[in-house]
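Here are a few exercises to work through with the viewer open. Try each task before reading its solution.

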Amino acid sequence: MSLAEKFHYSDFTRDNYRLLLRKAKENYVFRSYTDYRADERFVLWRHDVDLSVHAAYKLAVIEAEEGISSTYFLLPHCEFYNMLEAEVVGKVHDILALGHRIGLHFDNDFYRIKDVATLEGKLRFEADLLSSVFEAPVEVFSFHNPDAWMLQQRDATYAGLINTYAEYFQTSVGYCSDSNGYWRHRRLPEVLERAEDPCLQILTHPAWWVESPASPRDRVLKCVQGRAEQTMRKYDQGLELYGRSNVGEK
Ligand SMILES: [Zn+2]
């Protein structure tokens, strides 16, 4: 069996993403973290934006075309994009304008917090930052790469923010995630086809969903190279704009 077959590269195209949304719609009602009802067959569709807000925007467009809204969790400490740069802020505004919501993707590797009071202080600070930058409500958070301590924090809310890793979500709601660009546990197309879970929380990371099948590493490389090329373009254009010599330009 090839790697492409073993790791289902062809699952991760944007065309297939659209089909998965349609399949989900057949059996579940799309809800947000603030308006689901425990007695209905809801799906909470969440994106942890670890790698690319540009990739997130592409999925946001597909979802809007399919009449669906979801929640995009932004990572202030991201090493792949800068949440405060103009182009990224513009893309997030575009995502919001399509009817989607934003949440906070919280990186505790940055703080290494081990007590709830400090956790709540930093959650509140970062949620307020997001809310202020994007002029949108932030009512929910998810942990980025949660360690054992973070997974033990199972209260429904912290700092007034809904916890996507709360006890209820971990024990009473079916879960499927595309973490690392392959299916580590259940395969989403099968989960949606069988529709055996009474309700679902789906976690996707937009950069895994691309135009044509590729390995997870190549999908990450494409994000990084795309950003690098764009950064160099801006540098070159800036010098040209101000009539400066671009020393070393090829
Ligand atoms: Zn993450």
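This is a predicted model: local features need pLDDT of at least 70, side-chain atom pairs count only at pLDDT 80 or more; totals for chains, interfaces and linings use all residues.

Angles under 35 degrees count as roughly parallel, over 145 as roughly antiparallel, 65 to 115 as roughly perpendicular, and the rest as oblique. Residues are numbered from 1 along each chain as its sequence is written, and side-chain values use heavy atoms, with hydrogens and water left out.

**Exercise 1. Work out how H2 sits against H3.**

Step 1: find the elements. Helices (H or I, at least four residues) and strands (E, at least two) are DSSP runs, numbered from the N terminus. H2 covers residues 14-27, and H3 covers residues 53-65.

Step 2: take the axes, which are lines fitted to C-alpha atoms, for helices over the stretch in contact; angles run from 0 to 180 degrees between N-to-C directions. The axes of H2 and H3 come within 10 Å and cross at roughly 40 degrees. H2 and H3 are therefore oblique to each other.

Step 3: get the hand. A crossing is left-handed if the near helix is turned anticlockwise from the far one by less than a right angle, and right-handed if clockwise. H2 passes H3 in a right-handed crossing.

Step 4: list the contacts (heavy atoms within 4.5 Å). From H2 come Arg14, Tyr17, Arg18 and Leu21, and they meet Lys58, Leu59, Ile62, Glu63 and Glu65 of H3.

Step 5: sort them by type. Ala, Val, Leu, Ile, Met, Phe, Trp, Tyr, Cys and Pro count as nonpolar, Asp, Glu, Lys and Arg as charged, and the others, Gly among them, as polar. The contact of H2 with H3 has four nonpolar residues, no polar ones and five charged.

**Exercise 2. Which residues have the most contacts inside the largest nonpolar core?**

Step 1: Buried means under 20% relative accessible area, exposed over 50%, and partly exposed in between (1.4 Å probe, protein chains only). A nonpolar core is a set of buried Ala, Val, Leu, Ile, Met, Phe, Trp, Tyr and Cys residues joined through side-chain atoms within 4.5 Å.

Step 2: the largest such core has 60 residues, and Trp45, Leu74, Tyr81 and Leu123 have the most contacts inside it. H3 gives the most to this core, with six residues. Apart from it lies another core, of ten residues, among them Phe73, Ile162, Ala166 and Val173.

Step 3: zoom in on Leu123, which is found in helix H6. At 0% relative accessibility, Leu123 counts as buried. Skipping residues up to four places away in sequence, Leu123 touches Leu104, Phe106, Phe141, Tyr158, Ala159 and Leu161. Phe106 is 17 residues from Leu123 in sequence, and 7.3 Å away in space, C-alpha to C-alpha.

Step 4: look at Leu130, also placed in H6 (residues 116-134). Leu130 is buried too, with a relative accessible area of 0%. Beyond four places in sequence, Leu130 touches Leu74, Met83, Gly103, Leu104, Glu135 and Val138.

**Exercise 3. Is Glu66 buried or exposed?**

Step 1: locate Glu66 in the loop between H3 and strand S3 (71-74).

Step 2: its relative accessibility is 10%, so Glu66 counts as buried.

Step 3: with neighbours up to four places away in sequence set aside, Glu66 touches Arg18, Leu21, Arg22 and Lys25.

**Exercise 4. Find the phi of Ala159.**

Step 1: go to the loop between strand S6 (157-158) and strand S7 (161-163), where Ala159 lies.

Step 2: phi of Ala159 is near 55 degrees, a positive value in a residue other than glycine.

Step 3: check accessibility, and at 19% Ala159 counts as buried.
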